[in-house]
Structure formats: structure tokens, C-alpha cells
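Subject: A structure for you to look at

Hello,

Here is the structure I promised to pass on. Please open it and keep it beside you as you read.

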Amino acid sequence: MSLAAARARFEAELADRPAWLREHTERVIDGAVRLAQIHELDPERCAAAAAGHDIFRHLKAKELLERSRNASVPIGEAELDAPIILHGPLAAVHAEFALGVDDADLLDTIRHHTTAHPDMSAEGLAVFLADKIDPQKVARDPGLESVAAAAQHDLAAAAALFLERRMIAQLAGGALLHPLAVAARNTFRQRGAQS
Ligand SMILES: [Fe+2]
Ligand SMILES: [Fe+2]
């Protein structure tokens, strides 16, 4: 399936989603394409993954857990602590098995857009960051401006910065840290330091 076809399937899926979710998705597509242009990545791949990243973001914890169990999505301690994490993995499974999306990198970008992943592609990083620096999120949390600024120059460094910020808040609130987020932060921090 082409990237354009995958994007079209995600957009059809989004048609009955709440307006806030469709509008957020539009902003993430725009932001991811802009980062792709700056960093010379594939804008079509970024747009397709951004279109599909949040197709299950509207679901509540109970339904995410139920659907994830039915779809054999791995549920670890961090997912039980914060079931919202499951909307990415669940969307990736739905995209692959119900929508017929067969691009492994696109599916992984969707799967890991909340936690990040140490092996994320550059396009995956662009989508991850475009989601985190959605202008509405930055307006609500001006501390994200530093992440948005870093993303213009170095995607790995910006992702490390975002993950560190979120971990500090999670630690302060007694939440669990997701093992993939910790591994991703370590990888991105080292990569950022080398560039
Ligand atoms: Fe999301
Ligand atoms: Fe999102």
C-alpha cells in the first residue's frame, strides 16, 4: 500500500472522531511535514504516520485495556499504570490488520509515538516531536517552547529534552517511567551529544 493510500485510510477512520482529535491530527500532520522539510526527510511518510497516530486517542482507559487484551497488545506495568499509552500500539495493530497498512516504519512510528523508541527512524522522531509540540500544547505549557526550538536543529536532542521533562513530572507525581522511554532518552541524549 502506498503512503498516500495509508494516509487516506487513516483520514477515513478519523471522519467520525471528535473535532478536537481531528484538529490535533491536522496540526501534527502540518508540524511533521514542516520538520521533514527542515531535516530533509520524507514528508509523505511523516504525513501518513501523523494522520494515523491518534485514531484511538479518544478511547477511555477501560476500553483501551479491553481492546488491547483482545488484540494481544503487550500490556506491561507502565501501561497498567497509564493505559492511555496503549492508544499508539492499538492503532498500529488496527492499521496493520484492519486497514492493511504494511509499511513497518510507519506502523512503528504510530506504535511508539507516546513512549518513543531508541530505534525510531528520523521520520518517526519528526512525528513524535510534532505531536509533542502541537502549538496548542505549547500554548498550554510554555516550557515546551525549548523542545520546539531544539526540534528545528536536532530531532534527537529535542526528543531527549522532551522525554527528560516528562520524566521529571512523572517522578514528581509518583508515576512509573516507561522502559522504552528511558531507553529512548538515553539513546537520543548520547546521539544529541555527539552531533
Ligand atoms: Fe497520541
Ligand atoms: Fe497526538
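Predicted model: local features only at pLDDT ≥ 70, side-chain atom pairs only at ≥ 80, totals over all residues.

The protein has 12 helices and 0 strands. Its 195 residues would give a radius of gyration near 16 Å if they formed a compact globule, and the protein agrees, at 16 Å. Its C-alpha atoms fill a box of roughly 40 × 40 × 30 Å along the principal axes. Buried residues account for 41% of the 195. Look also at contacts between residues at least 6 apart in sequence: 60% of them join residues at least 24 apart.

Now find helix 3 (residues 43-52) and helix 7 (residues 104-111). Packed helices are described by the angle between their axes and the distance between the axes. For this pair, the axes come within 9 Å and cross at roughly 45°.

Which residues of helix 3 and helix 7 meet? Helix 3 brings Arg 45, Ala 48, Ala 49 and Gly 52. Helix 7 brings Leu 106, Thr 109 and Ile 110. By class, this contact has 4 nonpolar, 2 polar and 1 charged residues.

Helix 7 has other neighbours too. Its buried residues are Leu 106, Leu 107, Thr 109, Ile 110 and Arg 111. These pack against helix 1 (3-14), helix 3, helix 6 (87-97) and helix 8 (122-132).

Best wishes

Conventions. Residues numbered from 1 in each chain as written. Chains lettered and ligands numbered in written order. Axes fitted to C-alpha atoms, helices over the stretch in contact; angles between N-to-C directions. Helix = DSSP H or I, 4+ residues; strand = E, 2+ residues; numbered from the N terminus. Contact = placed C-beta atoms within 7 Å. Nonpolar A, V, L, I, M, F, W, Y, C, P; charged D, E, K, R; others polar. Buried ≥ 20, exposed ≤ 12 C-beta atoms within 10 Å, placed from the backbone. Rg over C-alpha atoms; globule rule 2.2 N^0.38 Å.
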